[in-house]
Amino acid sequence: MTGYLSNAPLGRCCTFLTGGRARRLAFCYNISELAEAAAGGALVLGRGSNILLGDAGYDGDVVINRSGRRSFTPDTCECDSGVLLSALAREYMQLGRHGLEWAYGLPGTVGGAIVGNAGAFGGSIADSVVSVTVLSGGKIKTLGVRECGFGYRHSDIKGTVLSVILKADAGDRESVKLASEQNILRRRELQPLGASAGSVFKKTEMGSAGELIEKAGIKGLGAGGAQISDKHANFIVNRGGALSGDILQLINTAQAAVFDKFGIELKREIKLYGDFY
Ligand SMILES: Cc1cc2nc3c(=O)[nH]c(=O)nc-3n(C[C@H](O)[C@H](O)[C@H](O)COP(=O)(O)OP(=O)(O)OC[C@H]3O[C@@H](n4cnc5c(N)ncnc54)[C@H](O)[C@@H]3O)c2cc1C
């Protein structure tokens, strides 16, 4: 593990590219280091692609998970939680293993995907999980898929995900490649370029949050350097120089506008950490 750096800027540790400083920041490169930092109380982050960090900083330790070991058996893959999910999906594609076609192009780590049950295009990580090894309450435990309590963009997992075993059945290499490549093209077609954290809100009982925001008339609305994307209204993009406060303002505005128009409370998919001015 790198030593802790004090008063470290966090903006490069998240895909919004915003946020203040952490009291201390370190990077870990294997799961023993990750377990040690988590046991010491550090906030564990992967690629920071599902979070918003406050401009006034995070008054605690942050550890960035770069553990990257993985290995395949004929029908499974055992991998560290810091493996980049998109890189793993590419490996599945190259090896002709199926199950992660939906994840090609998704910017987070396996650990981040597991705790939030990331998914797209009808698939989710829960469909592939055999078991998850976590550090929880000072103990290392291995959970079967039922014990993980997966739901839509949700799991009941408490603690730090150290490693996972995923299904990796052999499939037809060409059809895995075709499905993976089609999914990355769909992403490019549907999602805006630029710094974001993907979908800001979860799907609602009335359907897509993006459609509700659009119907509420605020697609394209700006605040400081941030904007509700004019391509996909469930994305907020940092157009350059945005503060987390600008993004938070748009989150609150979208929630209020959709509530006023439809009586629906948009629930955030992204998580907030640290202090906001
Ligand atoms: C352009 C773009 C497209 C996206 N598309 C999708 C999509 O199609 N589907 C989707 O579901 N999401 C999508 N996302 C959101 C995001 O990529 C996923 O939620 C991803 O799984 C988050 O992983 P991460 O490593 O970045 O987690 P982080 O953002 O670093 O962390 C998210 C949360 O998980 C916790 N966490 C991270 N690692 C661990 C660990 N090892 N153990 C315990 N807790 C941990 C953190 O503490 C935090 O609470 C997108 C984001 C972007 C920027």
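Contact here means heavy atoms within 4.5 Å. In this predicted model, Arg 153 is in contact, beyond its neighbours within four places in sequence, with Gly 116, Asn 117, Ala 118, Gly 119, Ala 120, Lys 202 and Glu 269. Two further topics are an open sheet of five strands and a ligand surrounded by 34 residues.

**The sheet**

- The strand order is β6-β7-β12-β10-β11, and the pairing is antiparallel.
- Strands β6 (70-72) and β11 (139-144) stand at the edges; each has a single partner strand, so one side of each lacks a neighbour in the sheet.
- From one strand to the next, the twist averages 15°.
- Six bridges join β10 (residues 129-136) to β11 in the antiparallel sense.
- Ser 136 has Lys 139, in β11, as its bridge partner.

**Helices on the sheet**

- Helix α1 (residues 31-39) packs on the sheet, where it touches β7 (76-80), β10 and β12 (160-167).
- The direction of α1 makes about 140° with that of β12.
- Helix α2 (residues 85-95) lies across β6, β7 and β12, and runs at about 25° to β6.

**The ligand and its shell**

- Of the 34 residues that surround the ligand, the closest are Val 44, Ser 49, Thr 109, Gly 119 and Tyr 273.
- A nitrogen atom of the ligand lies 2.8 Å from a backbone N or O atom of Val 161.
- On its own the ligand has 970 Å² of accessible area, of which the protein covers 91%.
- Two or more residues of the shell come from each of β3 (43-45), α3 (110-116), β8 (119-120), β12 and β16 (271-273).
- Helix α3 gives the largest share of the shell, with four residues.
- By class, 13 residues of the shell are nonpolar, 17 are polar and four are charged.

**Arg 153**

- Arg 153 belongs to the loop between β11 and β12.
- A polar atom of the Arg 153 side chain lies 2.8 Å from the backbone oxygen of Gly 119, and Gly 119 is itself among the residues closest to the ligand.
- The contacts of Arg 153 also include Lys 202 and Glu 269.

Terms used: Residues are numbered from 1 along each chain as its sequence is written. This is a predicted model: local features need pLDDT of at least 70, side-chain atom pairs count only at pLDDT 80 or more; totals for chains, interfaces and linings use all residues. Side-chain values use heavy atoms; hydrogens and water are left out. Two strands pair if DSSP finds at least two bridges between them. Axes are lines fitted to C-alpha atoms, for helices over the stretch in contact, and angles run from 0 to 180 degrees between N-to-C directions. A residue is near a molecule or strand if one of its heavy atoms lies within 4 Å of it. A polar contact is a pair of N or O atoms within 3.5 Å; within protein, one must be able to donate a hydrogen and the other to accept it, and residues adjacent in sequence count only if both atoms are side-chain atoms. Accessible areas come from the Shrake-Rupley method with a 1.4 Å probe; for residues, only the protein chains shown count as cover. Ala, Val, Leu, Ile, Met, Phe, Trp, Tyr, Cys and Pro count as nonpolar, Asp, Glu, Lys and Arg as charged, and the others, Gly among them, as polar.
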